[in-house]
Amino acid sequence: MKRRAFLQGTAAATSILSGLANAADTQTPPRPKARPGSPNILLIMTDQQRYDCVGVNGNPRIKTPHLDQLAAASANFSHCFVQSPVCPPSRACFFTGRYAHAHRNRVNYTCLPETETLFPQHLQAAGYHTGLVGKTHLYYAYPPTPDEARRTGFDDVDLHDGAGSVDEWSDYVTWRNAHDPQAEVGYRTTVQDIPERKAQLGPKDNPFRTLIDAEYTDTAWTGMRTRARLKEYAQSGEPFFLFSSYWKPHSPFEVPAPYDSLYNDVDIPLPEKESLDAIKAMPPHVERMIRRTELRGRPPEHEMDRERLQWIYRSYYGSITHIDDEVGATLKTLEETGLADNTIVIFVSDHGDQLLEHGMMGKNVFFEGSVRVPFMMRYPGQIQPGAYDELVETVDLLPTLFDYCGLETPYHAHGRSLAPLLREGDDTYQARECVFSENIMPEVFAGVHNYEKGKGVFGVRHPDAKMVRTRRWKYNYYPEGHEELFDLEKDPGERHNIAADPAHQATRDAMKARMVDWLITATETEQIAEKWLV
Ligand SMILES: [Ca+2]
């Protein structure tokens with residue numbers, strides 16, 4: 001090496017090393033400038049909100065005026081399906097653009113492999129500033145601390161992953177302890193949990209009312225912190241991605257005044273009562289999910305008192321209206337700060353809630369109540385507003401956003417960009433013929449942990465179940481050959497399993513072939529290198 005070149009090399013090496021040392025000191029790796037004109041992204045997510053629990057989605061009773069207004073200016077999708085009907089697996093699908101069997105974060109409170117890259121990390125690398133407010137349920141390591149949230153790609157973290165056991169790492173709980181004059185009231189406590197209050201409940205009093213004032217709830221805090229971040233970002237002028245993630249309307253259905261009484265005079269239609277015979281006729285994996293409370297020695301959920309169920313519906317609706325008010329205030333802030341025109345706003349939920357359809361509460365199953373979610377996306381001038389009934393998957397969000405940001409979609413992502421569909425005059429979008437979902441329905445939900453490898457729990461094998469759905473048909477496969485086939489045109493309530501009906505064998509076989517095709521091809525890009533070693 002010539003001396004001059006050696007010196008230059010040494011200087012460059014010293015400069016790189018000092019850069020690395022500085023980066024290590026400040027914890028902020030050097031970041032490139034974002035492309036001029038890059039759009040901002042505001043992703044608003046609720047937890048466990050059904051598709052049909054937004055007014056504009058055909059529900060005449062629920063009050064969601066701000067979401068209805070957002071939908072009118074957005075592409076509002078009627079057939080968006082989550083790729084796994086439970087929090088962390090579903091969220092990991094949104095954030096990696098990959099199916100759950102590929103990213104392998106399969107059940108609650110398990111962790112994402114560190115080989116998976118989440119889209120805030122990609123956006124950081126493209127010069128974006130990133131922020132989280134509320135719940136992530138995404139982590140490489142447990143517990144879910146604010147530092148762990150930073151590691152998943154968020155520069156600014158206001159964390160509330162709270163589900164009781166993780167409250168010690170919640171920024172919301174810390175904030176409430178400092179500000180709420182009634183901080184001693186448990187944030188999931190409802191009036192029915194307090195014997196003297198329960199005794200005073202009249203027929204028009206909601207037993208799910210929380211004693212916390214609305215302004216100190218996690219819903220209000222999430223809205224408030226979202227708006228504070230938007231104001232900061234408007235000042236900085238950097239392009240941003242902000243994840244505004246509400247914990248509600250997730251059970252246990254606590255709801256503050258005045259939202260607790262908003263639906264007092266409304267009789268919300270309840271699902272018909274499921275018979276034990278009908279539940280026993282379902283695949284054993286689904287039956288166990290529905291009857292899991294009995295396995296814990298509690299009363300059967302499917303026999304829940306109808307009046308209690310009516311209050312649950314009123315409380316669930318009340319929580320959604322509360323979120324709607326916060327979303328309305330947030331959209332107003334977006335206007336007032338001048339950010340609205342260059343910000344993509346997405347509203348979506350991570351999965352639904354059965355709300356006693358088919359005899360069960362919660363999710364984890366493939367019925368429409370669990371897998372179909374509200375999904376709307378607004379981007380003034382770029383997205384043609386309207387009702388879209390195409391079948392879409394939540395893994396499509398990542399490539400869609402990357403399309404709008406002018407970024408290359410990561411090689412390992414599985415979704416397809418919706419941008420050509422949403423662009424006026426572009427007919428290049430290839431509609432999906434079917435959508436997929438998958439889930440391990442773990443024994444932890446049954447409250448029993450005596451899983452035996454290869455044998456399951458009480459003789460039911462640990463079920464990794466799969467769903468494939470076209471416009472008309474839904475086919476579900478469970479271990480050891482258990483199947484369901486529903487004709488959604490004739491049987492939208494999914495009450496008649498026709499998988500064994502001789503008249504429908506050709507359809508069943510065709511759906512099963514779709515499922516197998518998906519399983520053997522969904523991750524194929526991971527096996528193909530740009531240059532083959534031959
Ligand atoms: Ca969830």
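**Figure 1. Helix 2 against helix 13.** Helix 2 (residues 65-72) and helix 13 are oblique to each other. Their axes come within 7 Å and cross at roughly 50°. Axes here are lines fitted to C-alpha atoms, for helices over the stretch in contact, and angles run from 0 to 180 degrees between N-to-C directions. Angles under 35 degrees count as roughly parallel, over 145 as roughly antiparallel, 65 to 115 as roughly perpendicular and the rest as oblique. Helix 2 makes the contact through Pro65, His66, Leu67 and Leu70, and helix 13 through Asp324, Val327, Gly328 and Leu331. Two residues are in contact when their C-beta atoms, placed from the backbone, lie within 7 Å. Helices (H or I, at least four residues) and strands (E, at least two) are DSSP runs, numbered from the N terminus. This is a predicted model: local features need pLDDT of at least 70, side-chain atom pairs count only at pLDDT 80 or more, and totals for chains, interfaces and linings use all residues. Residue numbers start from 1 along each chain as its sequence is written.

**Figure 2. The whole protein.** The protein has 17 helices and 13 strands. Of its 534 residues, 46% are buried. Buried means 20 or more other C-beta atoms within 10 Å of the residue's own, exposed means 12 or fewer, and partly exposed lies in between; C-beta atoms are placed from the backbone. Take the contacts between residues at least 6 apart in sequence: 68% of them join residues at least 24 apart.

**Figure 3. Helix 9 beside helix 13.** Helix 9 (residues 218-236) packs on helix 13 at an angle of about 10°, with the axes 9 Å apart. The two helices are therefore roughly parallel to each other. From helix 9, the contact uses Thr219, Ala220, Thr222, Gly223, Thr226, Arg227, Leu230 and Lys231. From helix 13, it uses His322, Ile323, Glu326, Ala329, Thr330, Thr333 and Leu334. The 19 residues of helix 9 should span 27 Å at 1.5 Å a residue, and its end C-alpha atoms are 27 Å apart, which agrees. The expected span is 1.5 Å times one less than the number of residues. Buried residues of helix 9 include Trp221, Arg225, Arg229 and Tyr233. The buried residues of this helix pack against strand 3 (129-134), strand 4 (156-159), helix 7 (171-179), strand 5 (240-249) and helix 13 (306-336). Just after helix 9, Gly237 takes a positive phi of about 75°.

Figure 4. Asp218 is buried, with 23 other C-beta atoms within 10 Å. Beyond residues up to four places away in sequence, Asp218 touches His160, Gly162, Tyr172, Tyr187 and Trp247. Arg176 is 42 residues from Asp218 in sequence, yet the two are 8.8 Å apart in space, C-alpha to C-alpha.

**Figure 5. Strand 2 and its partners.** 5 of the 7 residues of strand 2 (residues 75-81) are buried, so this strand is largely enclosed by the rest of the structure. Strands count as paired when DSSP finds at least two bridges between them. Strand 2 and strand 7 (residues 372-378) run antiparallel, joined by 5 bridges. There, Cys80 has Val373 as its bridge partner. Strand 8 (residues 386-388) pairs with strand 2 in the parallel sense over 3 bridges. Asn76 is bridged to Ala387 in strand 8. Strand 9 (residues 392-393) also pairs with strand 2 in the parallel sense, over 2 bridges. In strand 9, Val392 stands opposite Cys80.

**Figure 6. Gln384 in a loop.** Gln384 lies in the loop between strand 7 and strand 8. Gln384 is partly exposed, with 15 other C-beta atoms within 10 Å. Not counting residues up to four places away in sequence, Gln384 touches Ala75, Leu422, Arg423 and Glu424. Gln384 and Gly425 are 41 residues apart along the chain, and their C-alpha atoms are separated by 9.8 Å.

**Figure 7. Nonpolar cores.** The largest nonpolar core has 112 residues. Such a core is a set of buried Ala, Val, Leu, Ile, Met, Phe, Trp, Tyr and Cys residues joined through C-beta atoms within 7 Å. Ile344, Ile346, Phe347, Met376 and Leu401 have the most contacts inside the largest core. Helix 13 gives the most to this core, with 10 residues. Apart from this core lies another, of 6 residues, among them Tyr172, Tyr187, Ile212 and Ala220.
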